[in-house]
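Student: I have a fold to go through with you. Could you take me through its strands and its packing, please?

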Amino acid sequence: MANNSIGHDAALHLQDLLLGTDNVEDFLGQLAVFSAAELSRAAGAEIECGVTLQRRKRTMTVAGSSPQAVTLDRIEQSLGDGPCIEALRTKAVVLLADVDTDPRWPAYQRQLAASGCRSTLGVPLEIGEDAAAALNFFGSETGLFTEDIITEAAGFADLAGRALRLAVRLGTFQSRAEDLQAALENRTSINLACGVIMAQNRCSQDQAMAILTRVSSNRNQKLREVAADVLRNVTSEEVRTHFDA
């Protein structure tokens, strides 16, 4: 594992990244750049990094330290197997030491070789039961991922996993808050549209809601879209939900 000084510096930098990004996707991109820099420094050679994040009920998210890292990571996702995917599945470090001699993923390895990548290292991140993530390091030479470098990568991944776990949790809370606000705004539009229909037709709220629902079904439009059409007929101003006490 990295020594205490390096670990402390890396932890502080990861904390700064977490505080300085607006969402999980931005954090993944910054994490990939920092991870590549840390392992390149340790190995004394240029190493690129891709980050793969799988959250429940969401598509796989991929970020990278370079466009090539993103491309190689996405190729692996499209093929459905490779070092990073195996690291995600097994929760263990997976080394592809030489793309020419390892027999495990021939289709992916051919594409790695064509892109000038000779070796890779998949390192899982521990971020909780509802999500899985891994760092995918790419080397232009064989022999870069020695035992010391693998130990360094695993130690760094422990720090990175903690930061990513917090980023995912914050992102989940933000998504829930945004979903709640959207739901409240939709409900505001629907309630106001019901009020307009009640005034125009001198009917009850239940009858107005039935009219909205019937129009929604006939037009094959969502209820909130029909409500927005009703409100546009009576005001040109944007309808907003007010949260002031």
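Tutor: Two strands pair if DSSP finds at least two bridges between them, and helices (H or I, at least four residues) and strands (E, at least two) are DSSP runs numbered from the N terminus. This is a predicted model, where local features need pLDDT of at least 70, side-chain atom pairs count only at pLDDT 80 or more, and totals for chains, interfaces and linings use all residues. Residues are numbered from 1 along each chain as its sequence is written, and side-chain values use heavy atoms, with hydrogens and water left out.

Student: How many bridges join strand E1 to E5?

Tutor: E1 covers residues 47-55 and runs antiparallel to E5. Within this pairing, Gln 54 has Ala 132 of E5 as its bridge partner. The number of bridges joining E1 to E5 is 9.

Student: Which residue stands opposite Asn 136 in E5?

Tutor: Strand E4 (residues 119-125) pairs with E5 in the antiparallel sense, over 7 bridges. Opposite Asn 136 stands Gly 122.

Student: How many residues of strand E5 are buried?

Tutor: Buried means under 20% relative accessible area, exposed over 50%, partly exposed in between (1.4 Å probe, protein chains only). One side of E5 has Ala 131, Ala 133, Leu 135, Phe 137 and Gly 139, the other Ala 132, Ala 134, Asn 136 and Phe 138, all buried. For residues 131-139, the count is 9 of 9.

Student: Which residues of helix H4 are buried?

Tutor: Contact means heavy atoms within 4.5 Å, and the cover over the buried residues of H4 includes E1, E4 and E5. In H4 (residues 83-90), the buried ones are Pro 83, Cys 84, Ile 85, Ala 87 and Leu 88.
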